[in-house]
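Please look through the sequence and the model below before reading on. The numbered points that follow are meant as a guide for someone who has not seen this structure before.

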Amino acid sequence: MKSGTAKHVITNLRARLLAAFALVLLLVVIESAFAYRTTEQNQSAAAWVRHTQQVLGAANYAQDTLTDMELRYEEFVRTGDEAAATAYQQDANTYPTQLAGLIALTSDNPPQVARWKNIFAAAEQLRSEVTDPGIALRRQVDAGVASQDALDSFNRSAAGEQAFSSINSMLSAAITTERDLLLQRTSAADQASSDLLKVLIGGTLVTVASGLTIAILLATRFGQVMARFASVAQSIAAGNLSQRIGLKRRDEIGRAAAAFDRMADSLEKDRAERIVAQSRAEFLQRQTESILDSAAEGILGQTPDGTCVLVNHAVSSMTGYSMEELRGSRIHDLLHHSHPDGSPYPIEDCPIVAVQRDAHAIQSLQDLFFRKDGSSFPVEFSAAPMLEDGRVSYIVVTFHDITERREIERMKNEFISIASHELRTPLTSIRGSLGLVASGLLGPIPDRADHMVKMAIANSDRLIRLINDILDIERIESGRSTMEIRPIDLVELVANSVESMTSAAQAGDVAMATDVEPVTVEADPDRIQQTLVNLIGNAIKFSPAGSTVTVSAHRDQAEVVVSVHDTGRGIPPDKLGKIFERFEQVDSSDARQKGGSGLGLAISRSIIHQHGGRIWVESELGKGSTFSFALPLVHQLAVPPTATDEKDRVAILVCDDDADTLEVVGGMLHSQGYRPIGVQTGHEAVERAVVEHPSAIVLDLAMPGMDGWETLVALKSRAETREIPVLILSGVERTGVEPAESAEAWMTKPITTDLLHDVLNRVLGRRPGPPRVLVVEDDPGLAGILAEGFAASGVETQHADTSAGAITLSNEADPDLLLLDLTLAGGSGLEVVDWMRQRDQLQRVPIVIYSGRDLDELDQSERARLRDDPARAIEFLTKSRISPEAVQDRVIGLLRHFT
C-alpha cells in the first residue's frame, strides 16, 4: 500500500502536466476536425461555382455561334458571297459539338440536358428545312437556274428568322437557368468560407484561452517554488551556504528541493574541508619553502621553455642574482650561457633542454655555471622532468658548487702522485737491494742472514702489493684510470693469465685447467688480465694441495661469462654480500697466513663495473667457490694475434719481385732479431712503408711496373717515408749514376747474413761494443741497484739524476736505450723525450719509462707526448709493480732486438 501511494505521489506533478497538455491537444484536434470539414464544404462549393461558370461560358459561346450562323446565312442569301457561305458552314459544323459539350457539362442537371437536346433538334431542323435549302436556291439563282422571285418566295414561306429567334430564345432561357444556379452556388461558397473563418478564429481563441488558463494555473502553482529556488541559489552563489529551500512536498518539486538542499549541505561541507585543506596546503607550502631555503643545494623549477618559476635562496647566494631577477628569466641565459672557454653555449645543446625533449632525467652532470659578476664556478647538477598527460610540464634542476670538492680532488691527486713516487721509489730500491743480496751478486751471505733477507723480501713484496692495490682502487674508482677498450681474444687473455700464475700454482701444488670458448670481448686487456690474475691468485691461495683450479669462459646470449672455480674451503653465506668490499676477508688471519691486501676483489669489481659488466660469487662451505664476471661480446677474431715478442722487433721492409729472395732475406733478418715485411712491387712497398713505418727498407732495382729507382723517388717524395733509410739490394754492380734521391747503402746479390747485419748496423747507427743504457733516476740507491744488475749481464750503464744531465749524457754517450723516470728533482723526464725527438741520431733509441706514476695518472697531453713518436719504441713500466730484476730482463730483451 505504501509503495502504491509513494508512486502516486511521485507521479502527481507529472500527471497534472500531462493532463493540461492533453486538454490543449484535444481542443486542437476538435478545432482541426471542424476546420477540415468546413474546408471540404468550402472547396466543394467553390468547385460548383467554377463548374457553373464553365457551363455559362460554353452556353454563351454557343449563343454567339448561333448568332453568327444567322448573320452569315442572311448575308449569303442576300449577296451570294461564297465567303459568307463558307463561314456559315464552319459555324454550322461547330455548333453540334458545342451543344454536345454542354450536354456533357450539365449531365448532373437533367432539365438542362433536355433543353440542350431540344435546342440541338431545333437547330438540325433549321438546317434541313431553312438554311441548307435557302443556300442551295441562292446558288441556283446565281447560276441562272432559278429566279430571284423564287428565292424571295422561299424565304417568306420558310420563316427562317422566326426559327433562329426561337432557338435563341431557348438558349437564353437555358443560360438564365445557369445564371440563377451560379448565384445559388456562389452564395453557398461564400457561406462555406464564412463558416471556415469562424471555425478557425473560434478554435484559435479557445485554444489560446485554454493555454493561457493552464499557464496561469501552472505559474500560480509553481511560481513561488521557482522563486524560492532562485533566491536560495543566488544566496549560495554569493557564498551564503547556510540557505536551504525547505519544501516538504511529496512530488517531484519536493524531491528536487530536497536534492538541492543536500547539494547545499555537501557544498558547505566541502567548503569547510577546503578551508582545512587550504590551511594545510599553506602550512605545507611554508614548510616546503623553509626546506628549500634551508637546503644547501641550489634548486630551480623551470617551464619547458626554460623560464624560472621556482628558486631557493641557495641559488641566489651562489650566483649573486636576487630571487626577483631569477624568477621569470630564462635560467640558461643567466647561468649556463657559455662554455668553459668562453664561447657561446647554444640553448639547443643544453642537456637540461634535452630533458624536456626526451622526457628523461639526467643525473650528476658536471659543468660550469656563471655568476652575475661574470665569474664561473664548477657545479654538479641533475634535472628531472615532471609529466602531465604524458608531456613535460615542469623541470626541476638541483645543483651544488663543487669548487671545494674539485680542490680536494686536486689535493688528493697530488697526494697520490707524490705517494706514487715517494713510496714506490724507495720501496723499489729496498726490494732491489734485497734482491741483489739474495741473488749472491754481492757475495755469499750466511744462512741466518739469508733467512732474514728472504723474510724482508716477502714483507717488502707484501707492502708493495698493498701500496699498489690502494693506489689502483683509488685511481679506478675516482675515474682517473684510463681504459684502452678494444676487441681482445679471450682465449689468449686467459692463457696469458694462467701462465702468469703457473709458478704460484706449482708452489701450492695446485693444477690449472681451462675451458674457454673462442670468443672476442670489448675490454681493456691489461685490466681484465689483472682481474683474472686476482681471481686465479685467490683460488690458488685457498685451494688445498692436489686440487685443480678451473678457468672457463662461455657465451651467454649477448655476453660472455668468465668463471674461476676452486674446490677450497668456500665462503660463509654471511660473507658473500661483503666479499667484494675493501679489506674484507673471510678470516682475519688470512692476511697474515695467505698474504694479500684484502683489496684484490674490490679492484676487480671496480674494473668490471667500469666495463659495464657484472661480477659475482657462488660458494658452498667445504666444497669451493666460483667467482664469475660477464662482459659484452663482439665478433670472433678471424686472424690469430701476433706473438708478443714480434711486436717489439725492429721492422725492416724488403721489396723484391722474387719470392725466394724475399724468403731468404726475411729469414736472415728474423734470425738477427728483426721483423721482416715482404712485398713484391714498388707500389706495395710505398703503401706498406706509410702504414708500417719500418726502420729501414731493402729495395731491389729490377722489378716489373714501378722499378726500384722509381720506388726510391716515390719514397723520398713523401713526408711519411722520407727519413726512412733505403738499402739497395741488386743483382748488378753500382755504376755511380744514381738519381738525386740516393740510397744509404748498396748491396750486390747474393748477400750473406754477416754483410746484411753489418750494413744494417751501420745504416741504423749501431756501434760496436757492449750495449749502453742511460739510466735517468733521481734515487741514487735504485740507480745503483739497476747498474749492478745490468753490469752482471754485460750491459754498460751511465747515470743521470736530472733532465738536464740526461740531455747532456744522451748527446755525448750515444746510448742504445734510455731507462727513464718521469718524476725528477730538476724537472720532468718528458723533457728528455722531447729533446731526443729533435736529434736525428737519437730518434730511434728505444725508451723504457720506469716511474712511480702509473700511465693512467698522466694527463692527456703527457700521454700524447709519449704516443706521438711512431719511429720509436716506448714501453711504460711502473715501480713497485715491476721489480728491478724484471726491468733488467725487459731492457736486456729489448737490447737484443735493437742492437
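**Notes on the predicted model**

1. Arg139 is partly exposed, with a relative accessible area of 40%; here buried means under 20% relative accessible area, exposed over 50%, and partly exposed in between, with a 1.4 Å probe and protein chains only. Arg139 belongs to helix 3, residues 110-143, where helices (H or I, at least four residues) and strands (E, at least two) are DSSP runs numbered from the N terminus. Apart from neighbours within four places in sequence, Arg139 is in contact with Phe76, Glu82 and Ala85, contact meaning heavy atoms within 4.5 Å. Glu82 is 57 residues away from Arg139 along the chain, and the C-alpha atoms of the two are separated by 9.3 Å.

2. On the basis of the values, this is a predicted model, in which local features need pLDDT of at least 70 and side-chain atom pairs count only at pLDDT 80 or more, while totals for chains, interfaces and linings use all residues. Residues are numbered from 1 along each chain as its sequence is written, and side-chain values use heavy atoms, with hydrogens and water left out.

3. As for the protein as a whole, its secondary structure comes to 27 helices and 24 strands. Of its 899 residues, 41% are buried. Among contacts between residues at least 6 apart in sequence, 67% join residues at least 24 apart.

4. How is strand 1 covered, and what does it pair with? Strand 1, residues 298-302, is mostly covered, since five of its five residues are buried. Gly298, Leu300 and Gln302 point one way from the strand, whereas Ile299 and Gly301 point the other way. Strand 1 pairs in the antiparallel sense with strand 5, residues 391-401, over five bridges, two strands being counted as paired if DSSP finds at least two bridges between them. In this pairing Ile299 stands opposite Thr398 of strand 5.

5. Strand 1 also pairs in the antiparallel sense with strand 2, residues 308-311, here over three bridges, and Gln302 stands opposite Cys308 in strand 2. The hairpin of strand 1 and strand 2 has five residues between the strands, and within the hairpin Gly306 takes a positive phi near 95°.

6. As background, strands of a sheet pair through backbone hydrogen bonds, either parallel or antiparallel.

7. The individual pairings of this sheet can be followed through strand 15. Strand 13 and strand 15 run parallel and are joined by four bridges, with Cys655 opposite Leu699 in strand 15. Strand 15 pairs with strand 16 in the parallel sense over three bridges, and the bridge partner of Ile697 in strand 16 is Val726. From strand 15, Ala696 and Val698 point one way and Ile697 and Leu699 the other way, and all are buried.

8. Strand 16, residues 726-730, pairs with strand 17 in the parallel sense over four bridges, and Leu727 stands opposite Ala745 in strand 17.

9. Thr661 lies in helix 19 and is buried, with a relative accessible area of 18%. Leaving aside neighbours within four places in sequence, Thr661 is in contact with Asp656, Gly666 and Lys749.

10. The axes of helix 20 and helix 21 (residues 708-717) come within 9 Å and cross at roughly 25°. The two helices are therefore roughly parallel to each other, a description used for angles under 35 degrees, with over 145 counted as roughly antiparallel, 65 to 115 as roughly perpendicular and the rest as oblique. The contact is made by Gly682, Ala685, Val686 and Ala689 of helix 20 and by Thr711, Ala714 and Leu715 of helix 21.

How values were computed
Axes fitted to C-alpha atoms, helices over the stretch in contact; angles between N-to-C directions.
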